[in-house]
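Dear colleague,

Here is the structure I promised to pass on to you.

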Amino acid sequence: MDPVEKYLNKAFKEAITGVRTNQGGPFGAVIVKDGTIVGKGCNRVTSEKDPTAHAEIVAIRNACKSLDTFDLSGAVIYSTCEPCPMCLSAIYWAGIQTVYYSATRHDAEEIGFKDNLIYKEINREPSERNIRFQQIANPVMSSLFEEWKQKIDKIPY
């Protein structure tokens, strides 16, 4: 069995276990670095009452704790479904550069998930989105950003 199939099967095992134990939706993910699984997870939205507890997010949190870092450069994520926009953002923030997945956002939409709707919303201007967005100017903002910019001991990410 090739490695992609092997790790996707492990992601499906996570998803199946999650569904059968009522942890959340039918999604699972594993993160592999240097041939070793460093993080895994299933969707836990309903069991943890946390809308951010998607399989990919759970796996990223697990991998970061396991490796004691927020930088997962060089890691690969295997997911049962194309990551939603939140998970996609987390994958970018974590530095993961390869994603393997099975189902698409359109497949997820067919069983009641909003991934595709959110992908469409992201492309709209804030004023055109279904959720109200309003920018509020605040004079502290520029000084806060300037302080960060000048901070010598910051840890960039």
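Glu14 counts as buried, because its relative accessibility is 17% and the cut-off for buried is under 20%. Please keep in mind here and throughout that this is a predicted model. The residue belongs to helix H1, which spans residues 3-20, and, once its neighbours within four places in sequence are left aside, Glu14 is in contact with Gly28, Ala29 and Val30 as well as with Lys40, Gly41 and Cys42.

Strand S1 (residues 28-33) and S2 run antiparallel and are joined by six bridges. In general, the strands of a sheet pair through backbone hydrogen bonds, either parallel or antiparallel.

The sheet as a whole is open and has four strands, in the order S2-S1-S3-S4, with mixed pairing. Its edges are strand S2 (36-42) and strand S4 (98-103), each of which pairs on one side only, and the twist from one strand to the next averages 15°. Helix H3, made of residues 55-67, lies across S1, S2 and strand S3 (76-81), and runs at about 140° to S2.

Turning to the other helices, H6 (residues 115-122) has Asp115, Asn116, Tyr119 and Glu121 as its buried residues, and what covers them includes H4 and helix H5 (105-110).

Helix H4 itself, residues 85-94, holds Trp93, and Ser89 is found in helix H4 too. Trp93 counts as exposed because its relative accessibility is 63%, where exposed requires over 50%. Ser89, by contrast, is partly exposed, because its relative accessible area of 37% falls between the limits for buried and exposed. The C-alpha atom of Ser89 is separated by 13 Å from that of Leu72, a residue 17 places away along the chain.

Key: Residues numbered from 1 in each chain as written. Predicted model: local features only at pLDDT ≥ 70, side-chain atom pairs only at ≥ 80, totals over all residues. Heavy atoms only, no water. Helix = DSSP H or I, 4+ residues; strand = E, 2+ residues; numbered from the N terminus. Buried < 20%, exposed > 50% of the residue type's maximum accessible area, 1.4 Å probe, protein only. Pairing = 2+ DSSP bridges. Axes fitted to C-alpha atoms, helices over the stretch in contact; angles between N-to-C directions. Contact = heavy atoms within 4.5 Å.
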